[in-house]
Amino acid sequence: MKKALFLIVSLLFLSILAVWAADTTTYIRLYESSFDVDLSSKKYLSHLDGSTYSSNKNSENKRKDGFYYQGQELGVVGLSDTNYYDTDLGDLVFTVTSDSGEWFYRLAGSDYRRPFGIDVFGRARNPQYVEYDMGSMRLGYQSDVSENPAVTSLVVPADQIRQYINIWWDFCLVMDPEVDTIEDKTYFRGTDYFIQASNISYTADLTLTISMVTGLGTPEETVNKSVSFPVHLEGFYKPDEYDKTMVTASFSISRIAEVLQLDGAGGLLENMKASPATANDFTTIATYSLSSSSLQTSQNETRKIRMFLSSTNDATKSTGGRFVLRHEDNDNVSAGTAPQLLFKAALTSESKGHAPSSEAKTVVFDGTDRFIPKEADTSYVLPGNYLEIDATTTKQKTNNWYSSWLDSGSIGIVLTGEVIPPGETEPVTATDWTNQGAYTVGGDTATLTKGEYKSTIYIHVITF
């Protein structure tokens with residue numbers, strides 16, 4: 001059964017594969033728990049520095065027993081085929097940072113938050129598949145971790161890297177201290193942090209970075225190459241209802257400008273075309289990133305994620321009509337005396353997630369596309385227009401294949417050359433635009449009302 005995710009604005013950026021030298025490749029694999037965490041769970045308790053991996057998924061109430069458990073892992077970051085690594089690039093340095101500078105799952109728009117930490121365990125394998133301990137570090141807000149931990153990064157010396165075929169870092173969630181579910185709070189370092197029941201996810205954002213550094217620890221320290229894997233975490237606390245499939249994919253938008261200029265050099269009026277045909281016609285207003293958890297699959301995974309744009313936040317029920325820019329006065333109320341400007345919006349996939357072997361792809365939307373429920377069952381009819389994202393498959397560890405759905409790109413808009421005159425409901429074609437916003441309709445010349453023109457574009461992500 002397909003699910004529609006209506007994700008408008010969050011804070012996540014895409015993690016992608018990167019090839020550094022020869023066949024050495026970096027990768028990230030996020031597990032379901034990255035997007036699906038009960039913030040009151042007792043599964044994610046603290047570890048010892050030298051803990052070793054256990055495939056046992058049952059970690060309830062287990063704390064500092066010498067193991068970190070499969071069910072506690074958020075994901076894995078690593079490098080494959082490190083026996084081909086160019087050692088001239090220097091030591092490998094792995095770091096984890098919180099994007100906010102603090103370690104909380106937060107409920108957006110409120111002060112409700114839940115402290116957490118991350119424990120990292122480095123591992124490597126040689127050609128005989130003998131596994132080696134490459135060190136560990138404990139970060140974030142944990143009961144027995146100092147505010148300035150002694151180890152904040154893990155280093156693999158350059159002269160050791162080519163001894164292994166794989167090097168990776170398992171990173172585990174730590175929620176210790178625990179939540180008092182009666183008082184709905186966590187007590188940490190003398191402070192009560194309150195957490196509220198909510199059907200909306202709590203979120204946190206991390207950045208994982210692998211760097212190649214020469215002169216480590218000296219004034220001449222140099223970063224030769226670096227790749228970052230931003231990770232978006234989601235959790236829930238006492239929701240009325242919970243659907244795991246609603247948080248297996250995350251989408252983020254980063255707006256380029258708060259207000260776009262209609263006139264002036266490079267403005268929308270200069271680029272307006274009646275029938276936009278290429279991505280070059282569009283003014284970019286935002287960039288987007290899509291990321292999903294990873295699943296063990298075959299090498300030829302065929303399932304897809306689809307995305308489309310519309311003018312309504314619930315495209316399963318009704319169309320919101322065509323995209324339109326409406327004038328707003330100082331009270332954010334439509335003046336009703338200004339023309340409305342019709343536009344189209346486009347998703348341009350730049351990471352080729354839609355088809356790894358092809359060029360970037362642009363799909364154009366007018367705002368009316370819908371994701372329609374079938375009357376007879378709980379599945380849905382796909383809209384006629386969408387951007388399709390193929391699985392990215394990677395071969396990791398003991399010849400297992402994992403798939404995830406990753407994409408990044410931009411959102412652009414272009415005016416269609418149509419306006420809805422004041423007091424009218426149907427659009428007409430405008431001609432003779434100038435940089436001052438004057439236009440002609442049926443022989444009559446009018447001028448755009450000065451001020452802000454606003455519209456909302458909703459991004460819909462369809463998972464499986």
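**Salt bridges in a predicted model**

Arg 63 and Asp 176 form a salt bridge, with their closest N and O atoms 2.8 Å apart. This is a predicted model, where local features need pLDDT of at least 70, side-chain atom pairs count only at pLDDT 80 or more, and totals for chains, interfaces and linings use all residues. Residues are numbered from 1 along each chain as its sequence is written, and side-chain values use heavy atoms, leaving out hydrogens and water.

Student: What makes Asp 176 buried or exposed?

Tutor: Buried means under 20% relative accessible area, exposed over 50%, and partly exposed in between (1.4 Å probe, protein chains only). Asp 176 has 6%, so this residue is buried.

Student: And how do you know which class Arg 63 belongs to?

Tutor: Its relative accessibility is 37%, so Arg 63 counts as partly exposed.

Student: What makes Arg 138 and Asp 144 a salt bridge?

Tutor: Their closest N and O atoms are 3.0 Å apart, so this pair meets the definition too. Arg 138 is buried because its relative accessible area is 11%, while Asp 144, at 35%, is partly exposed.

Student: Which residues are linked in a network of salt bridges?

Tutor: Lys 42, Arg 63, Asp 176 and Glu 178 are linked in this way. The structure holds 16 salt bridges.

Note on methods
A salt bridge is a side-chain nitrogen of Lys or Arg within 4 Å of a carboxyl oxygen of Asp or Glu.
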